[in-house]
Amino acid sequence: MDILLTTEADRPRQQAFVELLDAHRGIVRKIAMLYAGNRDEREDLAQEIAAQLWRSFARFDPVRAKFSTWMYRVALNVAISHARRRAETGHTDPLEDWHLDSVADGTANDEPDPRLLELRRFIGQLDALNRALVLLYLEDRSYAEIAEVLGLSTTNVATKLNRIKHTLRKQLTQSEPTGA
Amino acid sequence: MELDDMKHAWAELALRQDGIEQLLKADQRDRGMDRARTTLRWSLAGAGIELLAWIVGTALAASFWVHERHTTHWLLMGLLLHAYGIAGIWACATDLLLLTRIYLFDAPVLVLQRRLAQLRRFRVVSTLALGLPWWLLWVLATFVLARALTGADLYLAAPGWFWISLAFGAVAVGASVWLARRVAATPQRAPFWQRIIDDLSGRNLKRAAREMDALARFGAD
C-alpha cells in the first residue's frame with residue numbers, strides 16, 4: 001500500500017528519488033552507524049535522514065552538485081544535529097556497540113578485528129565535525145569534494161587531515177609497548 | 001596503523017553492517033516521507049498562526065492607546081504593550097527567516113551548523129526577552145483588558161495594588177532567574193521544565209556560545 005500522499009505530478013519525482021536513494025543507500029547507512037549508538041537509534045536516524053532527503057529533494061539541482069555530494073551534506077547535517085541532541089541528554093559514546101551489533105547480525109567473527117577496534121576508538125574520540133571529515137576521507141572522497149560537503153577550503157581540509165593523521169600516529173606510538 | 005590503513009577496516013565494517021537495511025523497505029521509507037510532509041505542514045501552520053496572533057495583539061494594543069491617548073496612564077500602558085507586540089512580531093519573523101535558511105539542510109555542513117547555532121541562540125535570547133517581562137506585563141494586560149472590555153479604570157480605583165503588583169513582578173524576575181540557577185544542576189523529568197530552567201539559568205545560552213566558538217574554530221583552522 002502506498003501511504004504517501006502524492007499527487008500524480010509528484011510520482012515521477014518520487015520514483016527518481018527512490019532510485020537515487022537505493023543507489024546511494026550505503027551513505028545513509030554509514031553515517032547512521034557513525035552518529036547513532038545502537039541498532040534502534042541507527043534505524044531512527046536513518047529514517048530521519050531519508051525523510052530530510054525527501055524534503056530537500058525538490059531543490060536538488062544536478063547541475064550544481066553531484067547527488068552524492070548533496071546527499072552527504074543533508075545526511076551529515078541531520079546526523080550532526082542528532083549527535084548534538086544526544087550529547088545534551090548526557091550520551092557520550094555513540095559507537096559503543098559496533099562490534100556487538102555485528103555479532104548479533106551473525107556477520108562478525110568471534111574475535112573482533114583489532115583494526116576495527118582501533119578505528120572505533122579513534123573515531124569515538126572525535127567531535128561531530130571532525131568525525132564528518134574523517135568519514136569523508138575514509139570514503140575515499142577527494143579533498144575538493146570534502147571541502148564542498150563541509151564548506152571548508154581545500155587547503156583547510158588538507159591541513160586538518162594532516163593534523164588528524166599526526167595525532168593518530170602519535171597516539172599509536174605512545175600506546176605501543178617500549179622495546180617491542 | 002595509519003589513517004590510510006583504516007580505510008580498509010572501514011570498507012570491511014561498512015560491508016558488514018546491514019542492520020539498517022529496513023530503511024530501504026518501501027513501507028517504512030514511505031512512512032518517513034509522509035511524516036516529513038506532515039511535519040512541514042504543521043511547522044509552517046504553527047509559525048503562521050503565531051505570527052498572526054502577534055500582529056492581531058499588536059493591532060489591538062495600538063488601537064487601545066490611540067483611543068485612550070488623552071489619559072496618560074492608559075497611553076503609557078498601551079504604548080508599552082504595543083512595543084512588546086512589535087518586539088514579538090520581530091522575534092517571530094526573525095525566527096521564521098532563520099528557519100527558512102536551514103529548513104532544507106542542504107547547505108555545506110559548516111554553514112548550516114552555524115545557522116542552526118544562530119537559530120538556537122536567537123531562540124534562547126528571544127524566549128528570555130519576551131518571557132521574563134510577563135512578570136510585569138500581566139498587570140498591564142489585565143488593566144488594559146478590563147478597560148477595553150468594561151470601561152472600568154482599575155488604575156484609578158486601586159493605584160496601590162497596581163504598583164505593588166509591579167514591584168512583586170520585578171522581584172519575581174530576579175527570583176525566577178536565581179531559582180533556575182539553583183536547580184539547574186538537577187535534571188528535570190519533563191523536557192518542558194528542563195528547557196525553561198536551562199533558558200532561565202543561562203545554560204542554554206552558554207551552550208549556544210560554546211557551539212558557535214567550536215564552529216568558528218573548525219572553520220578558521
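Residues are numbered from 1 along each chain as its sequence is written, while chains are lettered from A and ligands numbered from 1 in the order in which they are written. Since the model is predicted, local features need pLDDT of at least 70 and side-chain atom pairs count only at pLDDT 80 or more, whereas totals for chains, interfaces and linings use all residues.

Let us start with the chains. Chain A has nine helices and zero strands, and its elements run α-α-α-α-α-α-α-α-α from the N terminus. Helices (H or I, at least four residues) and strands (E, at least two) are DSSP runs, numbered from the N terminus. Chain B also contains nine helices and zero strands. Of the 180 residues of chain A, 34% count as buried; for the 221 residues of chain B the figure is 21%. Here a residue is buried if 20 or more other C-beta atoms lie within 10 Å of its own, exposed if 12 or fewer, and partly exposed in between, with C-beta atoms placed from the backbone.

In chain A, 58% of the contacts between residues at least 6 apart in sequence join residues at least 24 apart. For chain B, residues 24 or more positions apart account for 59% of the contacts with a separation of 6 or more.

Now to the interior. A nonpolar core is a set of buried Ala, Val, Leu, Ile, Met, Phe, Trp, Tyr and Cys residues joined through C-beta atoms within 7 Å. The largest such core has 54 residues, and those touching the most other members are Ile31(A), Ala32(A), Ile49(A), Ala75(A), Leu76(A), Ala79(A) and Ala132(A). Both chains take part: the elements giving two or more residues to this core are helix 2 (25-35), helix 3 (39-56), helix 4 (67-88), helix 7 (128-138) and helix 8 (143-150) of chain A, along with helix 1 (3-16), helix 4 (109-131) and helix 9 (203-220) of chain B. Helix 4 of chain A gives the most, with ten residues. A second, separate core has eleven residues, among them Met77(B), Leu81(B), Tyr84(B) and Phe143(B).

Next, look at how two pairs of helices pack. Axes are lines fitted to C-alpha atoms, for helices over the stretch in contact, and angles run from 0 to 180 degrees between N-to-C directions. Helix 2 of chain A and helix 3 of chain A pack at an angle of about 130 degrees, with their axes 9 Å apart. That makes helix 2 of chain A oblique to helix 3 of chain A; angles under 35 degrees count as roughly parallel, over 145 as roughly antiparallel, 65 to 115 as roughly perpendicular and the rest as oblique. Residues from helix 2 of chain A, including Val28(A), Ile31(A) and Ala32(A), meet residues of helix 3 of chain A, including Leu45(A), Ala46(A) and Ile49(A).

In chain B, the axes of helix 5 (residues 134-150) and helix 7 (residues 159-183) come within 7 Å and cross at roughly 155 degrees. These two helices of chain B are therefore roughly antiparallel to each other. On the side of helix 5 of chain B, the contact is made by Trp135(B), Leu136(B), Val139(B) and Phe143(B), while helix 7 of chain B brings residues including Phe162(B), Gly169(B) and Val173(B).

Gly78(B) is found in helix 3 (residues 72-102) of chain B and counts as buried, with 25 C-beta neighbours inside 10 Å. Leaving aside its neighbours within four places in sequence, Gly78(B) is in contact with Ala61(B), Phe64(B), Trp65(B), Glu68(B) and Val144(B). Asp140(A) lies in the loop between helix 7 and helix 8 of chain A and has a positive phi of about 65 degrees although it is not a glycine. Asp140(A) is exposed, with 10 other C-beta atoms within 10 Å. Finally, Gly202(B) sits in the loop between helix 8 (191-201) and helix 9 of chain B, where Gly202(B) counts as partly exposed with 16 C-beta neighbours inside 10 Å.

Terms used:
Two residues are in contact if their C-beta atoms, placed from the backbone, lie within 7 Å.
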